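Hi everyone, thanks for coming. Let me bring the structure up on the screen, and then I'll walk you through a few parts of it.

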Amino acid sequence: MRPLHGRWVYHGGEFVPFSEVHLPPTTQGLHYGTGVFEGIRAYATRDGAQTHLFRVHDHYRRFLRSCRLLRIDPGLTADELADVTAELLRRNGDRGDVYVRPLAYKLGLLPGTPPGVGLGGVSDAVTIVASRLGDYGPPGGVRCLISSWRRPGRATLPVQAKVTGGYVNNALAVEDARAAGYDDAILLNEAGQVAEASTANVFAVRGGRLATPPADADILPGITRDTVLTLAAGLGMPAEESPLHPADLLLADEVFLTGTGIGVTPVIEINGRPVGAGAPGPSTTRLAQLYGRLVRAEREDTHGWLTPVETGSDEQALAEEAVAKA
Ligand code: PMP
């Protein structure tokens with residue numbers, strides 16, 4: 001990610017330079033993890049002429065569901081949030097690939113609210129930052145460790161929502177995996193079934209059939225997961241949502257991860273054992289290529305998943321204004 005200094009941020013209902021955003025140390029979301037977020041990407045076409053947000057409305061629909069759970073009112077509809085995001089990219093003069101991070105959080109106690117943890121009687125805030133980001137993740141695939149941290153069940157934490165506080169679990173798991181020399185962690189749920197990776201869903205391929213844990217395996221039902229299931233259906237590739245056990249991953253021909261950040265990424269090793277041939281397999285490679293073509297508008301957008309970002313003639317001037325103000 002490139003530095004955010006000199007860029008516009010949407011904060012408190014307006015577009016302001018990044019350097020003007022100051023949060024009080026009393027911000028409730030910082031203390032109690034009472035915030036929700038999304039990760040959204042915009043991709044440039046290969047000729048660089050056009051940029052599209054990918055499934056931005058779906059991301060904001062999930063954002064609003066997460067908000068509702070935490071009794072946060074962002075004051076904008078999914079369509080309005082999508083428009084604000086497109087405007088943010090326009091103001092920043094973004095023509096390349098961009099990562100968008102909307103965050104809604106509990107801010108400060110309203111008059112008459114006693115201090116302490118809670119949701120009601122606390123003001124809400126929304127901040128959206130966007131930064132330039134190209135492809136990331138090792139192109140040859142990632143090596144994963146099955147974590148000793150379990151993903152909490154939805155009776156403990158609403159894991160289907162993107163709640164900031166819940167990510168302590170993901171951070172602990174990924175930290176241990178990296179300390180042991182791996183790229184990412186795969187977490188099991190409390191029943192010992194495969195849930196997901198630190199910020200991505202997991203697929204296994206065996207005999208050309210895809211399998212991914214169902215929603216009730218305490219996963220975050222990813223938008224990329226849904227995209228891949230849709231692409232697989234279009235290819236006539238059999239796919240099912242079914243519980244996976246760690247042994248299913250070790251016995252699979254291919255394993256791959258899906259997420260907004262990493263797209264479709266092969267897993268080539270788990271717990272020191274090669275997955276299949278220890279190299280990206282044919283189903284993964286096919287789906288990854290198809291996904292790449294889809295987000296870069298090289299396939300017909302039959303689902304209406306691409307939202308063009310109109311870059312007006314004044315975007316360069318606006319970007320320079322933000323730098324000047326920073
Ligand atoms: N699981 C978790 C815990 C995540 O944070 C993410 C990233 N949002 C995913 C799965 C993948 O979801 P998506 O495809 O919607 O990015």
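When I say that two residues touch, pack or are in contact, I mean that they have heavy atoms within 4.5 Å. Helices (H or I, at least four residues) and strands (E, at least two) are DSSP runs, numbered from the N terminus. And "buried" stands for under 20% relative accessible area, "exposed" for over 50%, with partly exposed in between, using a 1.4 Å probe and protein chains only.

A word on where this comes from. This is a predicted model, so local features need pLDDT of at least 70 and side-chain atom pairs count only at pLDDT 80 or more, while totals for chains, interfaces and linings use all residues. Residues are numbered from 1 along each chain as its sequence is written, and side-chain values use heavy atoms, with hydrogens and water left out.

Let's start with helix H4, residues 167-179. The expected span here is 1.5 Å times one less than the number of residues.

Which residues of H4 are buried? They are Tyr-167, Asn-169, Asn-170, Ala-173, Val-174 and Ala-177. These cover an arc of only 145° around the axis, so they sit on the same side of H4; the arc is taken from the directions from the helix axis to the C-beta atoms. An α-helix has 3.6 residues a turn, so residues three or four places apart point the same way. The buried residues of H4 pack against strand E3 (35-37), strand E8 (142-151) and strand E9 (184-189). Over on the other side of H4, Val-168, Glu-175 and Ala-179 are exposed. Just after the helix, Gly-181 takes a positive phi of about 90°.

H4 also leads us to the ligand. Together with helix H5 (223-235) and strand E14 (254-259), H4 is an element that supplies at least two residues of the shell around the ligand. There are 16 residues around the ligand, and Lys-162, Tyr-167, Ile-223, Thr-224 and Thr-260 come nearest; being around the ligand means having a heavy atom within 4 Å of it.

Now for the atoms. An N or O atom in the Tyr-167 side chain is 2.5 Å from an oxygen atom of the ligand. A polar backbone atom of Ile-223 is 2.7 Å from a ligand oxygen. The protein covers 97% of the 390 Å² of accessible area that the ligand has on its own, with areas from the Shrake-Rupley method and a 1.4 Å probe.

Next, His-59, which is in helix H2 (residues 56-69). Is His-59 buried or exposed? It is buried, with a relative accessible area of 1%. Not counting residues up to four places away in sequence, His-59 touches Glu-38, Gly-39, Ile-40, Phe-54, Ile-223 and Thr-260. Ile-223 and Thr-260 are among the residues that come nearest the ligand.

Back in H5, we find Thr-227. Thr-227 is buried at 0% relative accessible area, and beyond four places in sequence it touches Phe-54, Arg-55, Tyr-291, Leu-294 and Trp-305.

Last stop: Val-202, in strand E11 (residues 201-206). At 0% relative accessibility, Val-202 counts as buried. Among its contacts beyond four places in sequence are Val-194, Glu-196, Leu-249 and Phe-256.

Terms used: A polar contact is a pair of N or O atoms within 3.5 Å; within protein, one must be able to donate a hydrogen and the other to accept it, and residues adjacent in sequence count only if both atoms are side-chain atoms.
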